[in-house]
Amino acid sequence: QANGDVITLTEAEYYNPSKEVNTYMKAYYPEGTVTAGNYNFTTPVKDGTQDILVSTEVVGNRSNTTNKVFTFTHPLTQLNFSAIEGNGWGTGSVGSVKSITLKDLSVATGVKISDNSLVSESIVAGLAVTNITEAGIAVGKTDTPMGDPVMIVPTTKNEILVDVVMADGISFSNVKVTTTDDTFMAGKAYTITLTFNNKKVAGTATVTDWTTGGTVYGKVE
């Protein structure tokens with residue numbers, strides 16, 4: 001979160017002796033190595049907990065060495081979950097959320113240097129929200145945060161699917177989470193509130209037609 005901090009290189013580098021030759025620079029976080037035009041993270045974190053920073057391009061030369069400011073941006077999308085009790089519970093209890101798993105999403109393993117686009121990997125098994133205890137987090141009448149933020153590669157759709165498992169074993173599959181944005185966008189943090197509504201008591205009824213009974217006799221004298 002710091003602004004104005006001085007960036008120094010572990011191993012000193014120098015501009016070309018000719019002032020006609022420019023040096024082009026970018027900076028990234030976390031640590032990585034350059035291979036075939038990509039900046040690949042040394043140890044990619046694939047559980048959605050790794051933040052990534054990329055800088056704008058900075059240009060300098062021997063006669064132009066001042067005001068070299070690396071402006072960093074977040075290329076990922078951040079998702080924050082919370083839960084709240086909805087309608088129909090009365091004096092009952094919703095229970096506790098044991099796990100939230102995001103489906104069909106990708107995480108970043110590097111950055112393409114030419115345009116700062118992300119090198120990504122799809123997580124087939126899903127991304128589980130971290131820091132939700134085995135006993136679960138209770139859902140109450142006030143909005144309650146659920147675990148840590150999840151950082152994903154920006155999506156191409158405005159909805160994602162999540163699976164929710166409660167501590168009592170009840171599960172909800174393919175819950176649709178939708179944003180008013182066209183997609184879940186880079187550099188934005190979204191708070192996703194899961195509202196738990198109780199099931200209404202309902203049923204269907206049919207009426208059976210009258211059928212003819214047996215013959216009945218009566219004698220009036």
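**Reading strands, rings and pockets**

Guide: Start at a hairpin. Between E3 and E4 it has 2 residues, and Ala 36 there takes a positive phi near 50°. Strands (E, at least two residues) are DSSP runs, numbered from the N terminus, as are helices (H or I, at least four). The model is predicted: local features need pLDDT of at least 70, side-chain atom pairs count only at pLDDT 80 or more, and totals for chains, interfaces and linings use all residues. Residues are numbered from 1 along each chain as its sequence is written, and side-chain values use heavy atoms, with hydrogens and water left out.

Visitor: How many bridges join E3 to E4, and in which sense do the strands run?

Guide: The general idea comes first. Strands of a sheet pair through backbone hydrogen bonds, parallel or antiparallel. Here, two strands pair if DSSP finds at least two bridges between them. E3 (residues 32–35) and E4 run antiparallel, joined by 4 bridges. Thr 33 stands opposite Asn 40 in E4. E4 is also joined to strand E10 (residues 105–112) by 3 bridges, again antiparallel. On that side, Asn 38 has Lys 112 in E10 as its bridge partner.

Visitor: Which residues of E4 are on its covered face, and which on the uncovered one?

Guide: In a regular strand, side chains alternate between the two faces of the sheet. The covered face of E4 holds Tyr 39 and Phe 41. Asn 38 and Asn 40 make up the uncovered face. Buried means under 20% relative accessible area, exposed over 50%, and partly exposed in between (1.4 Å probe, protein chains only). Tyr 39 is at 11% relative accessibility, so it counts as buried. Phe 41 is buried too, with a relative accessible area of 6%.

Visitor: How are the rings of Tyr 39 and Phe 41 arranged?

Guide: Two values describe a pair of aromatic rings: the distance of the centres and the angle of the planes. Rings of Phe, Tyr and Trp (its six-membered ring) pair if their centres lie within 6.5 Å; planes under 30 degrees apart count as stacked, over 60 as edge-to-face and the rest as tilted. The structure holds 4 aromatic pairs. For Tyr 39 and Phe 41, the centres are 6.1 Å apart and the planes are at 75°, so the pair is edge-to-face. Ring pairs also link Tyr 28, Tyr 39 and Phe 41 into a cluster.

Visitor: What is the bridge partner of Tyr 28 in E5?

Guide: The partner of Tyr 28 is Val 54. E2 and E5 pair in the antiparallel sense over 2 bridges. They belong to an open sheet of 3 strands, in the order E2-E5-E7, with antiparallel pairing. E2 and E7 are the edge strands, each pairing on one side only.

Visitor: Where is Gln 50 in the chain?

Guide: Gln 50 is in the loop between strand E4 (38–41) and strand E5 (53–55). Its relative accessibility is 19%, so Gln 50 counts as buried. Contact means heavy atoms within 4.5 Å. Leaving aside neighbours within four places in sequence, Gln 50 is in contact with Tyr 29, Pro 30, Val 45, Leu 76 and Met 151.

Visitor: What volume does the largest pocket have?

Guide: Rolling a probe the size of a water molecule over the atoms shows where empty space is left. A pocket is an open set of points on a 1 Å grid over the protein atoms alone, where a 1.4 Å probe fits, with protein on both sides within 12 Å along at least five of seven lines; lining residues have an atom within 4 Å of a point. The volume of the largest pocket is about 1,200 Å³. It is lined by 30 residues, and the closest to its centre are Asp 5, Ile 7, Ala 27, Phe 70 and Phe 72. E1 gives the most to this lining, with 3 residues.

Visitor: Which residues lie nearest the centre of the second largest pocket?

Guide: They are Trp 89, Phe 172, Thr 195, Phe 196 and Asn 197, out of 18 lining residues. The volume of this second largest pocket is about 420 Å³. E18 gives the most to its lining, with 5 residues.

How values were computed: Grid points are joined across faces, edges and corners, and a volume is the space filled by probe spheres set on the points.
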